[in-house]
Number of protein chains: 4
Amino acid sequence: MPQTSLQAADRVRTVYEEEHEQFREMVRDFVERYARPNAERWEAEGKVDRWLFEKAAETGILGFTVPEEFGGGGTDDFRFNAVMGEELARNPVSDGMAGIALSNDIVIPYFLELTDDEQKRRWLPGIAAGTLITAVAMTEPGTGSDLAGIRTSAVRDGDHYVVNGSKIFISNGQNADLVVTAVRTGSDPHKGLSLLVIEADTPGFSRGRNLDKVGLHAQDTSELVFENVRVPAANLLGAEGQGFLGLMRNLPQERLSIAAAAAASSEGVIERAMTYVKERQAFGRPVATFQNTRFELADMFTATQVSRAYIDQCIARHSRGELSAEDAAAAKYWTTEQYVQIVNRCLQLYGGYGYMREYRIARDYEDARITTIYGGTTEIMKEIVGRSLGL
Amino acid sequence: MPQTSLQAADRVRTVYEEEHEQFREMVRDFVERYARPNAERWEAEGKVDRWLFEKAAETGILGFTVPEEFGGGGTDDFRFNAVMGEELARNPVSDGMAGIALSNDIVIPYFLELTDDEQKRRWLPGIAAGTLITAVAMTEPGTGSDLAGIRTSAVRDGDHYVVNGSKIFISNGQNADLVVTAVRTGSDPHKGLSLLVIEADTPGFSRGRNLDKVGLHAQDTSELVFENVRVPAANLLGAEGQGFLGLMRNLPQERLSIAAAAAASSEGVIERAMTYVKERQAFGRPVATFQNTRFELADMFTATQVSRAYIDQCIARHSRGELSAEDAAAAKYWTTEQYVQIVNRCLQLYGGYGYMREYRIARDYEDARITTIYGGTTEIMKEIVGRSLGL
Amino acid sequence: MPQTSLQAADRVRTVYEEEHEQFREMVRDFVERYARPNAERWEAEGKVDRWLFEKAAETGILGFTVPEEFGGGGTDDFRFNAVMGEELARNPVSDGMAGIALSNDIVIPYFLELTDDEQKRRWLPGIAAGTLITAVAMTEPGTGSDLAGIRTSAVRDGDHYVVNGSKIFISNGQNADLVVTAVRTGSDPHKGLSLLVIEADTPGFSRGRNLDKVGLHAQDTSELVFENVRVPAANLLGAEGQGFLGLMRNLPQERLSIAAAAAASSEGVIERAMTYVKERQAFGRPVATFQNTRFELADMFTATQVSRAYIDQCIARHSRGELSAEDAAAAKYWTTEQYVQIVNRCLQLYGGYGYMREYRIARDYEDARITTIYGGTTEIMKEIVGRSLGL
Amino acid sequence: MPQTSLQAADRVRTVYEEEHEQFREMVRDFVERYARPNAERWEAEGKVDRWLFEKAAETGILGFTVPEEFGGGGTDDFRFNAVMGEELARNPVSDGMAGIALSNDIVIPYFLELTDDEQKRRWLPGIAAGTLITAVAMTEPGTGSDLAGIRTSAVRDGDHYVVNGSKIFISNGQNADLVVTAVRTGSDPHKGLSLLVIEADTPGFSRGRNLDKVGLHAQDTSELVFENVRVPAANLLGAEGQGFLGLMRNLPQERLSIAAAAAASSEGVIERAMTYVKERQAFGRPVATFQNTRFELADMFTATQVSRAYIDQCIARHSRGELSAEDAAAAKYWTTEQYVQIVNRCLQLYGGYGYMREYRIARDYEDARITTIYGGTTEIMKEIVGRSLGL
Ligand SMILES: Cc1cc2nc3c(=O)[nH]c(=O)nc-3n(C[C@H](O)[C@H](O)[C@H](O)COP(=O)(O)OP(=O)(O)OC[C@H]3O[C@@H](n4cnc5c(N)ncnc54)[C@H](O)[C@@H]3O)c2cc1C
Ligand SMILES: Cc1cc2nc3c(=O)[nH]c(=O)nc-3n(C[C@H](O)[C@H](O)[C@H](O)COP(=O)(O)OP(=O)(O)OC[C@H]3O[C@@H](n4cnc5c(N)ncnc54)[C@H](O)[C@@H]3O)c2cc1C
Ligand SMILES: Cc1cc2nc3c(=O)[nH]c(=O)nc-3n(C[C@H](O)[C@H](O)[C@H](O)COP(=O)(O)OP(=O)(O)OC[C@H]3O[C@@H](n4cnc5c(N)ncnc54)[C@H](O)[C@@H]3O)c2cc1C
Ligand SMILES: Cc1cc2nc3c(=O)[nH]c(=O)nc-3n(C[C@H](O)[C@H](O)[C@H](O)COP(=O)(O)OP(=O)(O)OC[C@H]3O[C@@H](n4cnc5c(N)ncnc54)[C@H](O)[C@@H]3O)c2cc1C
């Protein structure tokens, strides 16, 4: 079987080692076995089955960063996260897997880094077993980019906080058991924020409907409503008023995670488009042979290879704890904007078929568009980079 | 009520006269009355109710170009088509209306210009009454851009043609009663093509399923299959072998129709985005007041105003019968590419809400993407313009 | 002689009438006769000969808007300005002609609209005869975009104003006899500005060196220095404190003038590039026949045709006194940004020859770049458009 | 002294080692000492003084790849070339230094890799001493991109070849003593090409005038004319008919060299623009503080950082002999197109000053534009990448 261009290009990469590639295979097998057969149903139902998390935990692709003593994999090498995100993004079968990647890359770090021992004991085993599904809730109907605008309030009352307000666009929102929730415990825009873990079975907690999105149809995204929810003070992550710091600490990894997925998605999109245009004929020749097609794909391929070098560098740096917030912001917006453009350009090469949902490119078009928005919009990322340059 | 920017901009337009604006009102009323209440259902069902065509005919917004003797409106002023397309595109309630615009702008001309008297008598009354729904079928699974690649064959057998083959991506495909079908009656790439009107109740004619598209969910698009369909030779449009000429004659209007809709769609998209960013707050101020937002919208607004001047000029020229094929091609790709970009840029300004289908911008994102492809891809349009320049 | 694409495209234009086309011929002849033979020398010397203004006045292409009683042409139809700008831009022989167009379009209006009768009598005859060369000086070393930042001061002293300060980047700066100068007569950012006509032979007035620019080598651009220049109060244009209003009144025409020239320049650039690629061979065929070349030129040609419709509409509106400041701003930045891009893309099509100054495209590259800056930068234009949209 | 953004960014780079940084210092000193004081004169004269090559050789920054036995530096680590190119590009004082970099990176490899012992002995000492200035001549008036179109003929006549034809756009063309010349020795498009070293003092060899370019004013670029030039057969590089192979072998390094310089140039341009906008005031605040400025610079900075990762990877790979021709092509067009865009965008941020040649950005604008053309145009690079992808 001849090598694809991507396989050839991958040969010059140095970021991963043997163990990461083995892990990639594991992810691939898991996807084939559990996600592919259910993909369409999940999409129709708007979320995945809860057992998927358990299966993933069992297989070792969920919770592998949780210490072994709590039932996890005990690694803290981000490259496992990255190789998994990459695999899911390049050969997407169902965006239903996103909830698992999200848990690993974005939510679990809160439980690892901001918890005290008691909290670890309480939650990590369930998380590592896939029986406690997690989410992180910052965004509110009235504020997203501006975290200082958060209004969901948590008022101390004895051993509890009484939480009122609502969150929106929360990934894993329908399935989540534990929601890391950014709440206002004081009036200072930043120092008045705290992080509370809210258990879904607490009275007063309710979920809005599963939101009707352009894409990511197998991934549940919901509004969450808090009406006098009494949350034990023991559920506070870190100290009161440290919420903003907690978010700042974790957002870079969230952004790198999105960036790495976007970079890999672009590669997958191009790879499939190349196959398509080599097969599709028009005017008696493969569409691939028109100079416009050749230039388009050469250009997109180059664009992704250039980004690849940067992202791999970022992954390597992050796995050594050296990635700055501004580099993560830069990586996030650069790769996602590129991804949106590349999907758009590749779809064109499919002609009418590009608009048919049975072709993956059509779903890529649906799925890609949110990436420049969630995890922090391109505009906010440019603000971060710009400010780091003293502008 | 203060004027919107678009209303202000419209004041400098000179293409329409009083009667066109009255017609616009009629369309607007019709949409409010018949389309809005059913929009969601049609979308779920993937097509509109057949009565919509009859209602539209009755109201005078379908078939107005059919001569009065056959029950139509008897106008041949393309500006009525244009103003209707514009109205539907700027304030879209349901893409279900597209089937009607398509009939007026794209299909009916075949019945008006290529039919003999007998054919006119047979079909025009039903078309003008909205009881005969029409479609035009060129594209096949194996060929779209390249009309010379058409393989659906029509073999003369006495008074009939026996048609075999299949067509794909046919708009109005589920509802159509009469399908103007490009068939191969000879081996010469161009001179071997003919146009046959195939009646949907002819044995051997069948419809594939309604295709699952990224957008245009209320507009039916289907595969059509012909298995030994015996079509009366009397259904031939023009002479045998004149099919390519017939298509060439009608494609400019098809393209201008798409262009005019795209230009108007862009205007609507921007208008709504301006409203949104003026209301939405972030960091204590309207999103509209960030310089990036202001520049983005100023730039998009300018882009549409520049295109507006060109499109109005094209409409005026076409209504005088003076628009060239290359100008139509230029208008088509320019406005649709701009539309795709503008939707993309505006969606960004909505943040997470832009991805929610309850916001119109999300549907615009879904609907816009096909416009650079159907009616002739951007690449084919550039070929046409390029060749007209002697390149 | 076969028609060029541009000649074909021009046929659909409706803005000009017979008399404008005759005027265009006059300009063309003038350029051939007087500018072409001296072009290279002027470029080397960094400015044109003063006699050029006199010859231009004599021929009727300078000062044609000055009332006949003062020796001018007595027209107030901006289309003469436009057709002249267009002719100079499309078939550029020497940017030395720019000083004349600048006088007509940008400076003379100050002398026509803001002068009282005495001033008219004093200056218009010389201006109309080309013996008084004019300039307008707003920009200072410390402020350009922000007119409110002007610091050159004019302090009333009896019948005179004593002017101190300096101006920079003043077109016609070396040749000018009369400089319409924006000066500060009060502390209010806007209401503290006035316009004074400063005569170049007034003691204390001096010119800096002719600035070394990327392009426009035959057009003199200079710093002007005012050291206790005593200017008669009779040289005030309009009332004291009305300077800002005077500028606001004239900037739209300045911008439209630049826009119209940029649009026409783009057309000329493309026309010449098409000729080049049809002749130049590579890999055994004309460069024109590579699909990339065809698409590039088809796209650029389309872009200019779309802009053409808008600009012609603006010209027509301005000649009826109906063009708004924001439309002028939009036209200015849109066409100049397009021009810069088009020059850049066309240059590429010339290969190495595109970098050689004996090819016009190389000079276009040099000359084009300033157009998005002078007369108000693209950023300022977007501010103006954005604000007009309530953003 | 606070760190610049670029210095901060450089800290994550891993490609260079201590010795390369020392070499960079050496280059920097050399430039300050020899190039800066003469920069303006060289520019006026259109070429550098011959002594510059000797000085450079003496200092060890010319000919460092020549084996020590012939008087060179004896290194074959491309990172010395790269760090030198980077230094010259980031902090350009005079493009006059380009001739030296060109010799090191582009011409000398022909003398090292394709020469036999006798030729090495004959030429390398002079080259390493800077007394023999070199050039490589492929392009002809009639053919550049298409090497198979080369027509300069070399007809064997006894011990000599008789060369007729002409070359154009030859860098170092006025100063060169030895010109590696691609000549036609047979009719086969590729196998009929050979490389001959032509000594400038051979009868029949003449130089055209120094070409008048948009930029690179201190770098001589000339036409070379061969009229019955008798070149000893001993001057043949490699075997007859191996010319095309020789070129193919060396073009990747030529392209990487241009790419590395372009990447570094972009960084320098942005660095200077950041300084400018932080100082320049408009509307009472630094231009840097407008959101548009911040976003522009954040975006450009990100773009260069992403490219930086790729280029460093390419440099590292090339220094290990692992860079493919298609990667070099990709790097070449990506970085140069980016450079042209970045210069263009940064120039805008300077307002009118950006157009003044006393500002470096104005010269960057002049100099940058050729980079997407020489060493192989962007279009040819995309062909190479596209073909490597099987398109
Ligand atoms: C599918 C999906 C999943 C999500 N998952 C989660 C989740 O799990 N948890 C969670 O907490 N959130 C989640 N989000 C929310 C997401 O992070 C926010 O939507 C995003 O941060 C943007 O916030 P917003 O929607 O309020 O937009 P806004 O903040 O209202 O922004 C609107 C526009 O204004 C722009 N803007 C804002 N500030 C500035 C500025 N200073 N300068 C210039 N422009 C500016 C923005 O860039 C944007 O274009 C999700 C969203 C989606 C759609
Ligand atoms: C929603 C929808 C509605 C439609 N409605 C109708 C309808 O009512 N009737 C009907 O007949 N058809 C209809 N179509 C079909 C539509 O017109 C075709 O899809 C379109 O013309 C493109 O043809 P294709 O899909 O076969 O693409 P292809 O021709 O296979 O093109 C694939 C890609 O190759 C490119 N390409 C092709 N030739 C060249 C070239 N020479 N140089 C460079 N690039 C080239 C194309 O631009 C495209 O990017 C519809 C399609 C859709 C999706
Ligand atoms: C060849 C030439 C001829 C000229 N002729 C004349 C003439 O005859 N008379 C005359 O008076 N002037 C003339 N000018 C000056 C010209 O009009 C100014 O250069 C121009 O208006 C920009 O001003 P500036 O150079 O001070 O730039 P600045 O105002 O310093 O601008 C620097 C940058 O900041 C940006 N910027 C400024 N404000 C904002 C904002 N609010 N938001 C975002 N970005 C912003 C600008 O867009 C620009 O990119 C000429 C200039 C040149 C180069
Ligand atoms: C300052 C300078 C220094 C130089 N130094 C040297 C030197 O030292 N030695 C040397 O040998 N040469 C040198 N060159 C020449 C340079 O390498 C050539 O100019 C370049 O390779 C392009 O060749 P060309 O100018 O003949 O353009 P052409 O080959 O005529 O190309 C014209 C246009 O056609 C396009 N084109 C060509 N083929 C295709 C295709 N298949 N598909 C699509 N588009 C195509 C090109 O991309 C270009 O846009 C120099 C040039 C300059 C300007």
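Around ligand 4 there are 29 residues, of which Arg280(C), Gln348(C), Ser145(D), Thr377(D) and Glu379(D) come nearest; a residue is near a molecule if one of its heavy atoms lies within 4 Å of it. The model is predicted, so local features need pLDDT of at least 70 and side-chain atom pairs count only at pLDDT 80 or more, whereas totals for chains, interfaces and linings use all residues. Residues are numbered from 1 along each chain as its sequence is written, chains are lettered from A and ligands numbered from 1 in the order in which they are written, and side-chain values use heavy atoms, with hydrogens and water left out.

**Ligand 4**

Ligand 4 lies between chains A, C and D.

| Ligand | Residue | Part of residue | Distance |
|---|---|---|---|
| Ligand 4 | Gly144(D) | backbone | 3.1 Å |
| Ligand 4 | Ser145(D) | side chain | 2.6 Å |
| Ligand 4 | Glu379(D) | side chain | 2.7 Å |
| Ligand 2 | Gln348(A) | backbone | 2.6 Å |
| Ligand 2 | Met138(B) | backbone | 2.7 Å |
| Ligand 2 | Ser145(B) | side chain | 2.6 Å |

On its own, ligand 4 has 980 Å² of accessible area, and the protein covers 95% of it; such areas come from the Shrake-Rupley method with a 1.4 Å probe. The elements that give two or more residues to the shell are α10 (325–349) of chain C and, from chain D, β1 (134–137), β3 (160–171) and α12 (378–388). Here helices (H or I, at least four residues) and strands (E, at least two) are DSSP runs, numbered from the N terminus. The most is given by β3(D), with three residues. By class, the shell has 14 nonpolar, 12 polar and three charged residues. Ala, Val, Leu, Ile, Met, Phe, Trp, Tyr, Cys and Pro count as nonpolar, Asp, Glu, Lys and Arg as charged, and the others, Gly among them, as polar.

**Ligand 2**

Ligand 2 is surrounded by 30 residues, the closest being Arg280(A), Gln348(A), Met138(B), Ser145(B) and Glu379(B). Because residues from chains A, B and C surround ligand 2, the site is shared between chains. The protein buries 95% of the 970 Å² that ligand 2 exposes when taken alone. Two or more residues each come from α10 (325–349) of chain A and from β1 (134–137), β3 (160–171) and α12 (378–388) of chain B. The largest share, three residues, belongs to β3(B). This shell divides into 15 nonpolar, 12 polar and three charged residues.

**Chains B and D**

Chain B is superposed on chain D by a rotation of 180° with 0.0 Å of shift along its axis (RMSD 0.0 Å). That is the relation of a two-fold axis. The superposition is by least squares on the C-alpha atoms of residues with pLDDT of at least 70 in both copies.

Key. A polar contact is a pair of N or O atoms within 3.5 Å; within protein, one must be able to donate a hydrogen and the other to accept it, and residues adjacent in sequence count only if both atoms are side-chain atoms.
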